[in-house]
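Hi,

Here is the structure I said I would pass on. Have a look at it first, and then read on for what turned up in it.

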Amino acid sequence: MKLVTIYGSPTPPGKLARALELLETGVRERHPGWEVERIAPASTITPVVATWRDDVVEKVSGADAVVISSPVFRGSITGTLKLLIDMLPVEALRSKPVAILTVAAAPHHFLSAERHLRDVLSWFGALTAPNSAFFVDRVFAADTVDDEVRHELHELADQVVVLAERLSGRSFGPDPLTVRYRKKTSG
Ligand SMILES: Cc1cc2nc3c(=O)[nH]c(=O)nc-3n(C[C@H](O)[C@H](O)[C@H](O)COP(=O)(O)O)c2cc1C
């Protein structure tokens, strides 16, 4: 099975890249039946905006599970990640297990990007994992990362691995609003 991790930062490598790397290594070591592929922006336009190759749509669509990650920018997700989200059709994430990973400089911004992502994932009818992971960026600045942080990253990934293994092939209704609207206007 395949896990796709989405790296939503325009400025690699940073704290988020380090967090994602620990998560990906954990999946490779602990879930041998799983392949892991990271998708990241292809070219940086400005220090805060980067764009994606077209093949990201195919890669996300082909995944059995997804980890979507973003640094907090201005109390929300990055514009770069939103550019990718806007490229995806509803089918790319519908009924698909998706886990949310965010990092920020300030601890009081812990829900900011997560709650915006949950709204957007609802548009797709994604199977959003119940527990997200948030870290203050300084935990990835030191040479060593605490075992507790590593454990939380493993737990985050385990949610989507288990959901995908148990629910593979299942689709859940009711249809997301966009699908219902499309049916109404075409019929
Ligand atoms: C444009 C911009 C906006 C940011 N906005 C916030 C913010 O609203 N809240 C916060 O806690 N951190 C904010 N940060 C800090 C980043 O979330 C933090 O440094 C994060 O680690 C960056 O990810 P990276 O290290 O992977 O590049 C902002 C950083 C940038 C560059």
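Predicted model: local features only at pLDDT ≥ 70, side-chain atom pairs only at ≥ 80, totals over all residues.

For V72, a backbone N or O atom is 2.7 Å from an oxygen atom of the ligand, and for K15 a backbone N or O atom is 2.9 Å from a ligand oxygen. As for cover, the ligand on its own has 630 Å² of accessible area, and the protein covers 76% of that.

Who else is around the ligand? The shell counts 17 residues, and K15, V72, R74, A106 and H109 are the closest. Helix α1 (15–30) and strand β6 each contribute at least two residues to that shell.

Now the aromatics. How many aromatic pairs does a search of the whole structure find? It finds three, and here are two of them. F110 and F134 have ring centres 6.5 Å apart and planes at 65 degrees, which makes the pair edge-to-face because the angle is over 60 degrees. F110 sits in the loop between β6 (97–104) and α4 (112–124), while F134 belongs to strand β8 (residues 133–136), so this pair ties together parts that are 24 residues apart in sequence. Are the two buried or exposed? F110 has 44% relative accessibility and so counts as partly exposed, whereas F134, at 18%, counts as buried.

W123 and F124 make another edge-to-face pair, with 4.8 Å from centre to centre and 80 degrees between the planes. Here W123 is partly exposed at 41% relative accessibility, and F124 is buried at 1%.

One more ring to look at is Y7: the charged end of R38 sits over it, 5.7 Å from the ring centre.

Finally, K2, which is part of strand β1 (residues 2–7). Its side chain has a polar contact of 2.7 Å with the side chain of E37. Beyond its neighbours within four places in sequence, K2 touches W34, E35, E37, A63, D64 and A65.

Cheers

Conventions: Residues numbered from 1 in each chain as written. Heavy atoms only, no water. Phe/Tyr/Trp six-rings, centres within 6.5 Å; stacked < 30°, edge-to-face > 60°. Helix = DSSP H or I, 4+ residues; strand = E, 2+ residues; numbered from the N terminus. Buried < 20%, exposed > 50% of the residue type's maximum accessible area, 1.4 Å probe, protein only. Lys NZ or Arg CZ within 6 Å of the ring centre and 35° of its normal. Contact = heavy atoms within 4.5 Å. Polar contact = N/O pair within 3.5 Å; in protein donor to acceptor, adjacent residues only side chain to side chain. Near = heavy atom within 4 Å. Areas by Shrake-Rupley, 256 points an atom, 1.4 Å probe, with all protein chains shown as cover.
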